[in-house]
Amino acid sequence: MVDVITGTRTSTSTSSDLVRWLAFSLLCAGGSLGLSWLGPVVPLPSVVRGVGSLFAVFVLPLASILVPVLLLRRVPRKKRKVAWQLIVPPIAGVALGFLGTIAGDATALADRGVSADAVVVSADYSSTNHCELRTVDGQDISPSLSVSKGCWDSTSKGDELRVRYDPEGIASPDDGRTDSNGVLLATLFGAAVVMGTWGGVRQSRWDRAYDGA
């Protein structure tokens with residue numbers, strides 16, 4: 001009778017842990033991807049976009065590992081350990097934050113982008129390539145063109161390029177061949193959710209085991 005009751009309680013606790021950590025992992029991974037993607041797609045003020053990027057790339061990925069560990073209230077801090085599965089969510093979360101912005105740029109340019117012939121006003125190769133552009137009729141294009149979107153090592157001042165740019169000046173311009181990285185984003189999102197849920201459940205089990213010891 002006691003074993004049956006104990007088994008039922010364990011099963012209920014495990015199911016509760018699974019639902020709780022699944023929801024938390026979805027929130028963290030989905031938040032990183034969603035906030036970074038919305039930044040270029042929705043023409044919001046720069047301050048709002050900056051806060052969203054901070055949460056997408058730093059706050060939510062960090063929370064995905066700190067929250068499961070800090071919730072172990074029964075285990076003394078010096079005896080706490082971290083499930084190896086929880087290493088994946090923060091790494092995947094940071095990647096989702098950066099790649100989500102690229103996907104958002106592609107979506108924004110597909111929606112409101114304008115194609116135009118542009119002239120390279122200046123090219124910076126000091127750290128990562130950036131080309132300042134201006135349309136042939138004299139209109140500045142902002143932001144600058146990055147190396148991943150058409151500012152190659154062979155590009156120099158005075159070159160003419162065919163680009164898509166955002167009239168709102170939010171989404172980064174490209175040469176029309178930017179990949180949205182859909183498969184990679186789906187893989188990172190799935191890894192963050194699965195490993196985050198698995199690691200969170202393990203942390204909860206350790207917490208209960210210490211309480212019952």
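Modeller: Helices (H or I, at least four residues) and strands (E, at least two) are DSSP runs, numbered from the N terminus. Leucine 35, for example, lies in helix H1, residues 2-41. This is a predicted model, in which local features need pLDDT of at least 70, side-chain atom pairs count only at pLDDT 80 or more, and totals for chains, interfaces and linings use all residues. Residues are numbered from 1 along each chain as its sequence is written, and side-chain values use heavy atoms, with hydrogens and water left out.

Colleague: What pLDDT does the protein chain average?

Modeller: pLDDT is the predictor's confidence in each residue, from 0 to 100. The protein chain averages 87, and 92% of the residues score at least 70.

Colleague: Which residues form the nonpolar patch on the surface?

Modeller: Patches are made of residues with over 30% relative accessible area and no salt bridge; like charges are joined within 9 Å, nonpolar side chains (Val, Leu, Ile, Met, Phe, Trp, Tyr) within 5 Å. Here the nonpolar patch consists of Leu35, Val47, Val51, Leu54, Phe55, Phe58, Leu62, Leu66 and Leu70. Together they have about 800 Å² of accessible area, by the Shrake-Rupley method with a 1.4 Å probe, where for residues only the protein chains shown count as cover. Helix H2, residues 46-70, gives the most to this patch, with eight residues.

Colleague: Which cysteines does a disulfide join?

Modeller: A disulfide is a pair of cysteine sulfur atoms within 2.5 Å. By this rule the count comes to one. It joins cysteine 131 to cysteine 151, with 1.9 Å from S to S. The link is right-handed, with 70° about the S-S bond. Cysteine 131 lies in strand E2 (130-135) and cysteine 151 in the loop between strand E3 (140-146) and strand E4 (160-165), so the pair ties together parts that are 20 residues apart in sequence. Cysteine 131 and cysteine 151 are buried.

Colleague: How many salt bridges does the structure hold?

Modeller: Side chains of opposite charge can pair when their charged atoms come close. The cut-off for a salt bridge is a side-chain nitrogen of Lys or Arg within 4 Å of a carboxyl oxygen of Asp or Glu. The structure holds seven. In one of them, arginine 20 pairs with aspartate 17, the closest N and O atoms being 3.1 Å apart. These two are three residues apart in helix H1, so about one helical turn separates them. Arginine 20 is partly exposed at 42% relative accessibility, while aspartate 17 is buried at 5%.

Colleague: Which parts does the salt bridge of arginine 112 and aspartate 166 tie together?

Modeller: Their closest N and O atoms are 2.8 Å apart. Arginine 112 lies in helix H3 (88-112) and aspartate 166 in the loop between E4 and helix H4 (182-212), so the bridge ties together parts that are 54 residues apart in sequence. Arginine 112 and aspartate 166 are buried.

Colleague: Where do aspartate 174 and arginine 164 lie?

Modeller: Their side chains meet in a salt bridge of 2.8 Å, N to O. Aspartate 174 is in the loop between E4 and H4, and arginine 164 is in strand E4, ten residues apart. Both are buried. Separately, salt bridges that share partners join Asp17, Arg20 and Arg208 into one network.

Definitions and conventions
Buried < 20%, exposed > 50% of the residue type's maximum accessible area, 1.4 Å probe, protein only.
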